Amino acid sequence: MSNLSAAEGHPASVMDMSFANQALGSVYMLDTRKELQPRVYTLPTEIDKEIARLKLQAMNIHIDTLTPEQEKYLNSWESGT
């Protein structure tokens, strides 16, 4: 974290999300340490989405939730153009 905080060129609005990822990633590792093997892990999607949700909420930005029909369309190569 000290390397990131001492870096130049990144605004605080970006750094806060980096720190949130590191902090919640550390909590995740602590909470699941008995199940984890020594290797590199990707941050669970749920944590990443929660950080994004909180950031948007702090910026007073609201996003829509996709309907099942929209999700089906987005996940299919058979529909659309």
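Which residue forms a salt bridge with aspartate 16?

Lysine 55 does, with the closest N and O atoms 3.0 Å apart. A salt bridge here is a side-chain nitrogen of Lys or Arg within 4 Å of a carboxyl oxygen of Asp or Glu. Aspartate 16 sits in helix α2 (residues 12-31) and lysine 55 in helix α3 (residues 45-58), so the pair ties together parts that are 39 residues apart in sequence. Helices are DSSP runs (H or I, at least four residues), numbered from the N terminus.

Lysine 55 is buried, at 16% relative accessible area, while aspartate 16 is partly exposed, at 36%. Buried means under 20% relative accessible area, exposed over 50%, and partly exposed in between (1.4 Å probe, protein chains only). Leaving aside neighbours within four places in sequence, lysine 55 is in contact (heavy atoms within 4.5 Å) with Ser13, Asp16 and Met17.

## The bridge within helix α3

The structure holds two salt bridges. Besides the pair above, glutamate 50 and arginine 53 meet through their side chains, at 2.8 Å from N to O. These two residues are three apart in helix α3, so about one helical turn separates them. Glutamate 50 is partly exposed, with 32% relative accessibility, and arginine 53 is also partly exposed, with 43%.

## About the model

The model is predicted: local features need pLDDT of at least 70, side-chain atom pairs count only at pLDDT 80 or more, and totals for chains, interfaces and linings use all residues. Residues are numbered from 1 along each chain as its sequence is written, and side-chain values use heavy atoms, with hydrogens and water left out.
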